[in-house]
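Here is my note on the model, point by point. Please read it with the structure open.

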Amino acid sequence: MRVPRKTGNSKLVKKLNKGEVLQQVIQHGQISRADISKETMLSRPCVSALVDEMIQEGLLHEVGMGDSKGGRKPILLEYNYQAYAIAGVIFEGSTLDMAIADLKGEFLARYRKRLALPSNGETVIEDLAAGLEQLLEESGIKRDRLLGVGVGLQGVTQRGSGTVSFSPSTGWMGSPIQQNIEERLGLPVIIDNDVNMMTLGEYVRGAGVGHSNVVYMYVGTGIGAGIILDGQFYRGSHEAAGEIGFMMIGPVHNRPNGASGVFETNYSTSGILQQAKGFLSDLQEGSSVIEELIRLARQNHADAQRLLDDVYRHWAYGMANIVSVLNPELLILSGEMVHVDEEGVKRIHDWLNEWVPEVPSLEKASLGERAGLIGAVHCVLEAFPFRRLLDKE
């Protein structure tokens, strides 16, 4: 039972009491004024006055009658999850993916755009700003009802300083990217690595639900991992934990400017396509290289069979390295790896059984392209406690 604060500045006391009321409504889902009064020890007239004010502000609404406990049926209150909104943004390769969501994290509108390459930081921020305007128009949300924006970026992000310390492909290294986006949008912004955003999405809404020690392994234009240990993100001393694309897996050869690690140079989607250029040169943009290799292998295409086996084995090497160090209970396969068929997953699992003493469950990511956006939205929800909604009024 919460004890209301009764001393100090009257405006502060009122705000704190409104916070107690709001917390009870969110916690219970639906609750009556009388029950709020019991839970908070605030008087019924005080609760009624605060509730009426919060209904006018759009934070609460009445949703019907509850069960009677001997008198008149009480009117139930519910938090208005549409009172404000949050935006999520993911940059992945040459794609900008955006969504606007309510305070439950449910998407209200979605925007996706292929970026012109090579892109530069200023152009990308302008694309982001234009996408946000379209989302606001489509969803009907007014800009002053937008609480903040979560942005997932490629490379090593420094959340404390709001910079990206390593991302050769964007030219953002060392620049105050968070501040630049905030100034352009006029909104609070939280940045993080794109794979970390995907990891968070799967952890709160997807394959990772119910698990405390999870590694999310992503293969796309790069290779990376998100690490959650004992329910907390593990980021490392310089927030570079999970940069598994730099594992020494595969042939070591010249890498221009060190932009890509050995593992991702050889076994990201672009690395695989480079190895398959003799027989996959006509692969359609947006098609899965693994699906195509599987199709050809089933037709006894010797080169495709050989390459597919090589890819699976080297991906399994990366998993063995991860498992032997972190011992997760769950390894989520994402990006291009979701296209691995049952036979391929079994082969990888069998290899891991040979190589490491404890093999985690292997599950494919369940949220698809929505994972990063869900994570981007959720990180803002976590960083923007409901009590701060009262500051918006």
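1. Cavity lining. Strand S8 (156–158) and strand S10 (189–193) each supply at least two residues of the lining of the largest cavity. Strands here are DSSP E runs of at least two residues, helices are H or I runs of at least four, and both are numbered from the N terminus. The lining has 13 residues, of which Asn193, Asn196, Glu239, Ala241 and Glu243 lie nearest the cavity's centre. By class, the lining divides into four nonpolar, five polar and four charged residues. Nonpolar covers Ala, Val, Leu, Ile, Met, Phe, Trp, Tyr, Cys and Pro; charged covers Asp, Glu, Lys and Arg; the others, Gly among them, are polar.

2. Basis. The model is predicted: local features need pLDDT of at least 70, side-chain atom pairs count only at pLDDT 80 or more, and totals for chains, interfaces and linings use all residues. Residues are numbered from 1 along each chain as its sequence is written, and side-chain values use heavy atoms, with hydrogens and water left out.

3. Cavity count and volume. The count is one cavity of 30 Å³ or more. About 80 Å³ of space lies in the largest cavity. A cavity is a set of points, on a 1 Å grid over the protein atoms alone, where a 1.4 Å probe fits but cannot get out; lining residues have an atom within 4 Å of a point. Grid points are joined across faces, edges and corners, and the volume is the space filled by probe spheres set on the points.

4. Strand S10. Is this strand enclosed or open to the outside? S10 is largely enclosed by the rest of the structure, because four of its five residues are buried. Buried means under 20% relative accessible area, exposed over 50%, and partly exposed in between (1.4 Å probe, protein chains only). Strand S7 (residues 146–153) runs parallel to S10, and five bridges join them. Val149 stands opposite Val189 in S10.

5. Five-stranded sheet. S10 belongs to an open sheet with the order S6-S5-S4-S7-S10 and mixed pairing. Two strands pair if DSSP finds at least two bridges between them. The edge strands are S6 (107–114) and S10, each pairing on one side only. From one strand to the next, the twist averages 15 degrees. Inside the order, S4 (residues 85–92) pairs with S7 in the parallel sense over five bridges. Ile90 has Gly152 in S7 as its bridge partner.

6. Helices on that sheet. Helix H6 (residues 194–205) lies across S4, S7 and S10, at about 95 degrees to S10. Helix H12 (residues 370–383) lies across S4, S5 (95–101), S6, S7 and S10, at about 135 degrees to S4. Angles run from 0 to 180 degrees between N-to-C directions; axes are lines fitted to C-alpha atoms, for helices over the stretch in contact. Contact means heavy atoms within 4.5 Å.

7. Three-stranded sheet. A further open sheet has the order S1-S3-S2, with antiparallel pairing. Its edge strands, S1 (30–32) and S2 (60–65), each pair on one side only. Here the twist averages 40 degrees from one strand to the next. S2 and S3 (residues 75–79) pair over five bridges in the antiparallel sense. Gly64 stands opposite Leu76 in S3. Helix H3 (residues 44–57) packs on the sheet and touches S2 and S3; its direction makes about 110 degrees with that of S2.

8. Lys73. This residue lies in the loop between S2 and S3. Lys73 counts as exposed at 53% relative accessibility. Its contacts include Met65, Gly66 and Ser68, not counting residues up to four places away in sequence. Lys73 and Ser32 are 41 residues apart in sequence and 9.6 Å apart in space, C-alpha to C-alpha.

9. Backbone check. Which residues deserve a look at phi? Asp230 has a positive phi of about 50 degrees although it is not a glycine. Asp230 lies in the loop between S12 (223–229) and S13 (232–233), and is exposed, with a relative accessible area of 63%. Asn327 also has a positive phi, near 50 degrees. Asn327 lies in the loop between helix H10 (302–326) and S14 (330–335), and is partly exposed at 49%.

10. Whole chain. The chain has twelve helices and 15 strands. Of its 393 residues, 49% are buried. Among contacts between residues at least 6 apart in sequence, 61% join residues at least 24 apart.

Notes
1 Å grid on protein atoms, 1.4 Å probe; cavity = no way out; pocket = protein on both sides within 12 Å on 5 of 7 lines; lining within 4 Å.
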